[in-house]
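Please open the model in your viewer and keep the selection panel at hand.

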Amino acid sequence: MYTQEDVLTFVEEENVKFIKLAFFDVFGVQKNISIVPQELTRAFNEGISFDASAIAGFGDEGKSDLFLHPDPSTLCILPWRPMDGRVIRLYCDIRTPDGNQFANDSRWLLKQAIADAEQAGIHINFGAEVEFYLFQHDDENHTARIPFDQAGYMDVPPKDRGEDIRREICFTLIEMGIHPEASHHEEGPGQNEIDFHYSDALTAADQTSTFKWVVEMVAQGNGLEADFTPKPLPEQAGNGMHINLSIEDPSLQASFLAGILDHVREMTLFLNPHKDSFLRLGEKKAPCYISWSRENRSTLVRIPAAKGGKQRVELRSPDPTANPYLCYALLIYAGIDGIQRQLPLCEETTVNLFAADSATTKQLQRLPENHEEAWQYAVSSEFIKQHVPMTYLNAYRSK
């Protein structure tokens, strides 16, 4: 893990010319300020100021000064920039002028959740499976939702035209210190998926955010557009961001999962924040009923078959427009609540819910069916109010 001194030495010895200080708004959208190496020591010691009133959910003009403090452990070279005169990226902590942590920084919210879990003796790892579409431009080189290919699930070339793009994405990630686990074509035309090995929650969220940036950069470099929205093509599969969790103490898994199922409706506003998120849920393997099973892909939570290694839990409702820092934090807190309250796990759902009759489905609770319903669940929840700043609720109200 890099220290402050390691970063300063690296910048000097590797001919680094620019440092991108990156952070995220409340929706998980990456922002940054670029500085030259001569300003890096000041950034570590004093922070680099920016106008918080211009960032979604960060405040207004009345109290707008915030400071970026680089996290040296997140040093990363940007491979698409020149080798002679390198550019690096550092994720940052956000602090107020008096030096306190900024309460609306979702990366800090996740750090707090991790610390609270560790204090309770609970250790959770995360991994994401992120789907995205690749679209071509039209004849006038304008962005258009023209799929890059017409391939289907796990097809091979020449039907699958995205193989070389995925390979370039994976190689770029590896150069940045991130190691993908698998990649393949997904169900929709021009739709792709790249998965990651599990890691601690903060590393997993950082990797998910970096991944989305890399995909967009590589797609652009190949004359394409990457689309992470939940339902880019009305008649095709939506984009999901399946979240895999594994509890180091298997005896806690049932109550941890019960906590997630108990709070999932309240969390849906943040797991599925886009206006089109609810067009995806309930079709083409995207769940809409609060349920769990072993292996059954029609349920909200699936416990995949495992041979060796750790047993994982897969939450299938989130989509890639969600802020991973906030998502992971809420899932940690929901699981902790389930453990502390010793919640029993509801009965397993073994039927295919996409083909089930109304007599079966009416026994199950549904996820919210639209953004307004999701917001009402969130704003009425004491659990959400305890763990999410009110400014987030206000920002997500109008998203």
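What volume does the second largest pocket have? The second largest pocket has a volume of about 500 Å³, where a pocket is, on a 1 Å grid over the protein atoms alone, an open set of points where a 1.4 Å probe fits, with protein on both sides within 12 Å along at least five of seven lines, and a volume is the space filled by probe spheres set on the points, which are joined across faces, edges and corners. This is a predicted model, in which local features need pLDDT of at least 70 and side-chain atom pairs count only at pLDDT 80 or more, whereas totals for chains, interfaces and linings use all residues. Residues are numbered from 1 along each chain as its sequence is written, and side-chain values use heavy atoms, with hydrogens and water left out.

Select Ser-73, Thr-74, Leu-75, Thr-203 and Asp-206, which lie nearest the centre of this second pocket among its 22 lining residues (those with an atom within 4 Å of a point). Helix H5 (201–221) is one of the elements that supply at least two lining residues, and the largest share, five residues, comes from H5 (helices, H or I with at least four residues, and strands, E with at least two, are DSSP runs numbered from the N terminus).

Next, select Glu-129, Glu-193, Asp-195, Arg-312 and Glu-314, which lie nearest the centre of the largest pocket, whose volume is about 640 Å³. Strand S7 (124–137) is among the strands that each supply at least two residues of this lining, and S7 gives the largest share, six residues.

The contact (heavy atoms within 4.5 Å) is made by Arg-107, Leu-110, Lys-111 and Ile-114 of H3 and Ala-201, Leu-202, Ala-205 and Asp-206 of H5.

For the backbone, select Pro-158, in the loop between strand S8 (143–147) and helix H4 (163–175); the peptide bond from Pro-157 to Pro-158 is cis, with omega near 10 degrees. Finish at Gln-342, in the loop between helix H8 (324–340) and helix H9 (358–361), where phi is positive, near 50 degrees, and the residue is exposed (over 50% relative accessible area, 1.4 Å probe, protein chains only), at 67%.

Note on methods:
Buried < 20%, exposed > 50% of the residue type's maximum accessible area, 1.4 Å probe, protein only.
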